[in-house]
Amino acid sequence: TESSVKPRGALIVLEGLDRSGKSTQCAKLLSFLEGLGHPTELWRFPDRETSVGKMISAYLSNKSQLDDHTIHLLFSANRWEKRSLMEEKLKTGTTLIVDRYSYSGVAFSSAKGLDIDWCKAPEIGLLAPDSVLYLDISPERAAERGGYGDERYERVEFQKKVADFYQTLRDSSWKIINAGEAMEEVEKKIQEVVLDKVKECTKGKPLSLLWS
Ligand code: TMP
Ligand code: MG
């Protein structure tokens, strides 16, 4: 059909443990794509600006306590409240770089002991990323990086469990980037992968839904 060949923006997700370098790389990728003239925005989850996001932020900074299921559903709600805007942006040609998405939601909550299928369920129907880039770093190396330990989940033993669940979630389409390499190397590898995807989406690659 005509609509299926309409150019659109790409949904690019960066995932990884805390302090794997996602935020730095997202910012670099944004200026790279903008420099090439691609309309691009940088998003992140949790989006701490919304009212749901403020509850999440208070929980993460240990200012509030919440049941594990409750905080899981808040993280999911925080993605749902941005879903329609996300679709609109993509369909009108803006590429979105997203710092964490549903995979963080499932990996972190499963690492606490929640059932993985229960964790996935509220994510069903969100937009599926065109590309997931996983910034791979050992929990020990991540812990050596500045600012580690400030928030609730930044503990090596816990991050090891999160890494195991990321491994369970990943499929062959994920790009695993060695985040222990020099920043410029990581940057170049990400650029290659993302440019290919942006081109595919320009050619009308259809949007699909989680969880697939
Ligand atoms: P941030 O450091 O990228 O802002 O993420 C805050 C923390 O929240 C981080 O430890 C990962 C965790 N998280 C979840 O537990 N579930 C989610 O759905 C998301 C997006 C993040
Ligand atoms: Mg963090």
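I am working from a predicted model.

**Entry 1: helix 1**

I began with helix 1, residues 22–35. I checked its length against its residue count. At 1.5 Å a residue, its 14 residues should span 20 Å, and the end C-alpha atoms are 20 Å apart, so the two agree.

Next I asked which residues of helix 1 are buried. They are Lys22, Gln25, Cys26, Leu29, Leu30 and Leu33. I then looked down the axis of helix 1. The buried residues fall within an arc of 145°, so they line one face of the helix.

What covers the buried residues of helix 1? I found strands among the covering elements: strand 1 (11–16), strand 2 (40–44), strand 3 (95–99) and strand 4 (131–136). The cover also includes helix 9 (183–202).

I also looked up Thr24, which sits in helix 1. Its relative accessibility is 38%, so I put it down as partly exposed. I took one distance from it. Thr24 and Leu11 are 13 residues apart along the chain, and their C-alpha atoms are separated by 18 Å.

Just after helix 1 comes Gly37, with a positive phi of about 90°.

**Entry 2: helix 8**

I ran the same checks on helix 8, residues 156–169. With 14 residues at 1.5 Å each, helix 8 should span 20 Å; the end C-alpha atoms are 20 Å apart, which agrees.

In helix 8 I noted Phe158, Gln159, Val162, Ala163, Tyr166 and Leu169 as buried. These cover an arc of only 145° around the axis, which puts them on the same side of helix 8. Glu157 and Thr168 are exposed, on the face turned away from that buried side.

For the buried residues of helix 8 it includes strand 1, strand 4, helix 5, helix 6 and helix 7 (139–143).

**Entry 3: the pockets**

I turned to the largest pocket, which has a volume of about 500 Å³. Its lining holds 25 residues. Which of them lie nearest the centre? They are Asp18, Lys22, Arg44, Arg48 and Arg100. Helix 1, helix 3 (68–80) and helix 5 (102–111) each give two or more residues to this lining. I sorted the lining by class: 11 charged, 7 polar and 7 nonpolar.

I found 17 residues lining it, with Pro129, Asp171, Ser173, Trp174 and Ser212 closest to its centre. Strand 4 and helix 9 each give two or more residues to that lining. By class I have 9 nonpolar, 4 polar and 4 charged.

**Entry 4: Glu123**

Where is Glu123? I located it in the loop between helix 6 (116–120) and strand 4. Is Glu123 buried or exposed? Its relative accessibility is 0%, so it counts as buried.

I then listed what Glu123 touches, leaving out residues up to four places away in sequence. The contacts are Ser76, Arg79, Ser102, Val106, Leu210 and Trp211.

**Entry 5: cis peptide bonds**

Leu210 and Trp211 came up again when I checked the backbone. A cis peptide bond joins them, with omega about 10°. Trp211 lies in the segment after helix 9.

I noted another cis bond from Phe45 to Pro46, with omega near 0°. Pro46 is in the loop between strand 2 and helix 2 (51–60).

I looked up Arg19 next. It is not a glycine, yet its phi is positive, about 70°. Arg19 sits in the loop between strand 1 and helix 1. With 34% relative accessibility, Arg19 counts as partly exposed.

Asn62 also has a positive phi, near 60°, and is a residue other than glycine. I placed Asn62 in the loop between helix 2 and helix 3. Its relative accessibility is 40%, so Asn62 counts as partly exposed.

How values were computed: Residues are numbered from 1 along each chain as its sequence is written. Chains are lettered from A and ligands numbered from 1 in the order in which they are written. This is a predicted model: local features need pLDDT of at least 70, side-chain atom pairs count only at pLDDT 80 or more; totals for chains, interfaces and linings use all residues. Side-chain values use heavy atoms; hydrogens and water are left out. Helices (H or I, at least four residues) and strands (E, at least two) are DSSP runs, numbered from the N terminus. The expected span of a helix is 1.5 Å times one less than its number of residues. Buried means under 20% relative accessible area, exposed over 50%, partly exposed in between (1.4 Å probe, protein chains only). The arc is that of the directions from the helix axis to the C-beta atoms. Contact means heavy atoms within 4.5 Å. On a 1 Å grid over the protein atoms alone, a cavity is a set of points where a 1.4 Å probe fits but cannot get out, and a pocket is an open set with protein on both sides within 12 Å along at least five of seven lines; lining residues have an atom within 4 Å of a point. Grid points are joined across faces, edges and corners, and a volume is the space filled by probe spheres set on the points. Ala, Val, Leu, Ile, Met, Phe, Trp, Tyr, Cys and Pro count as nonpolar, Asp, Glu, Lys and Arg as charged, and the others, Gly among them, as polar.
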